[in-house]
Amino acid sequence: MNYYRSNCLKFVHQVTLLTGGYQSLRMSKRQIIIGEDDRAVRTALSKFLRSTDYEVTEAETCAEVKEAFRQSQPDAAILDYSLPDGNAMDLLPYLKKLYPSVPLILLTGSGTIQLAVKAIKEGAEQFLTKPVEMSAIALVLERSIKNQRNHRKQLAGEALQQRDVANPFLGSSKIILEVEEEARKLTASNWPILIAGETGSGKGVLAKWFHDQSPRADEPFVNLNCACFGRELLETELFGHEAGAFTGAVQRKIGLFEIAQRGTVFLDEIGDMDLQIQPKLLKILEEKKFRRLGDTQERQLDVRLIAASHEDLNHLVQQKRFRSDLYFRVNTFLIHMPPLRKRTEDIPALAQMLLDRASSEISRPHLAFSDESLQRLSSYGWPGNIRELRNVIERAALLATDEIIRPKDLRLELQEDAPTSGNEPVITFREMQKLHIQRALTAEHSNVGRAAARLGLTKSTLYNKIKTFRIDHSARQSS
């Protein structure tokens, strides 16, 4: 019976894909709400914006503007200051409270400096006096939407992710070339992608690559590991919450899905997502709608989902740890990232790329591998895959006594002898750099000039790193 139900669900899913239509393969147009009771002005604005590839919703009153927002959260709104049932000063606080990410542009026939200042304080993005040139409206809209997009990127923490951006297909092995060929077929698609592969094999790098190659590349990329959060915390991280939604929710929180509007959400280790949250994720995929915790307002959402798992989700479905309907939805396209042991001919190229990056970060630009080191790297089993390779190389770059990294600097014998439970704390590259600098300062009795010479850095560079790592060098440091 379970086998029959599973295949029926898969059939329904395949029919949905076939009948979904071309529109679902691309991003929807940017949506604008125009709140203007003058029909001639409203019609002219609508016609112009539609001609520049915006989707427009028209409203004549404050009540209609509110209803238009409820039906579909826009990318921006153009509002006349005076409407039959109120004015912008009534609308602004309401809209900014419920839709803080939407830029609001005000138009007025008789503007004053005092009124403009008041409107900006209430949350208006721009305050324009009629008559206004259509080209000016287009410029203000484009700038406002771009500013908001950049703000969402900042919230998504993209700056913190730049260090991990890399080519997921670096190498020349047959298996990685096949993965690249398959992946490139999916860049223009808007369907969900599931990336399978062992821990550390590069699933996150591939997810970011998909985002960068897609029509959503200029929008936010949000990365969340589902295994790192319990149910309650994961739910509020994904969907956000209103003030008072639960004990301790003292203010509104914007969830990651909302931050990623028009961009990409990458859910790593999706197999660890709590069963109670899975229906909400399915609703987003099916209906493109969600609710913040504690809110009655449904919000429209336009994001692409990329998921990853080191576990077999089909096996989790059989164990009733993962919903079958969600499995068929996220598994629209499946990409397997191979483990490093199956692409050993790629290790020299990967190792050199990682060494170049580490060398740059610690200002040791002339580091190179000996032939024996490359042979040792290629013959090792790499149970932790590329992530383990990166850690080994970063450590070697810090600890090497000269410009040549030799087998002893790799310390792979320690890797082989180490326990493999995966529960041991792992020292990060940042922590290793800090420790390396502290030891140099200790050896030179906190003399920054001599410590810089020992480390092969300029004095100013070392001062910057001391400030970055918040190292107290006024007294002798312990090792």
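This is a predicted model: local features need pLDDT of at least 70, side-chain atom pairs count only at pLDDT 80 or more; totals for chains, interfaces and linings use all residues.
## A buried glutamate in a loop

E444 is buried, with a relative accessible area of 14% (buried means under 20% relative accessible area, exposed over 50%, partly exposed in between, using a 1.4 Å probe and protein chains only). You'll find E444 in the loop between α20 (429–443) and α21 (448–455). Helices here are DSSP runs of H or I with at least four residues, strands are E runs of at least two, and both are numbered from the N terminus.

What does E444 touch, leaving aside its neighbours within four places in sequence? It is in contact with R450, A451 and R454, where contact means heavy atoms within 4.5 Å.

Residues are numbered from 1 along each chain as its sequence is written, and side-chain values use heavy atoms, with hydrogens and water left out.

The pLDDT (the predictor's confidence in each residue, from 0 to 100) averages 83 for the protein, and 86% of the residues score at least 70. Confidence is highest in strand β8 (residues 193–196), at 97, and lowest in helix α1 (residues 2–19), at a mean of 38. Residues 419–426 have pLDDT below 50, and beyond near neighbours in sequence this stretch has three contacts in the model.

## Helix α12 and its one-sided face

Helix α12 (residues 278–287) has Q278, L281, L282, I284 and L285 buried. Looking down the axis of α12, these buried residues fall within an arc of 155°, so they line one face of the helix; the arc is that of the directions from the helix axis to the C-beta atoms. An α-helix has 3.6 residues a turn, so residues three or four places apart point the same way.

The cover over the buried residues of α12 includes α10 (231–239), β12 (264–268) and α14 (324–330). In α10, L234, E235, T236, E237, L238 and F239 are themselves buried.

## Who lines the largest cavity?

The lining of the largest cavity is made up of 13 residues, and P74, D75, S101, R152 and Q261 lie nearest its centre. Helix α6 (residues 134–156) gives the largest share of that lining, four residues.

Technical notes:
On a 1 Å grid over the protein atoms alone, a cavity is a set of points where a 1.4 Å probe fits but cannot get out, and a pocket is an open set with protein on both sides within 12 Å along at least five of seven lines; lining residues have an atom within 4 Å of a point.
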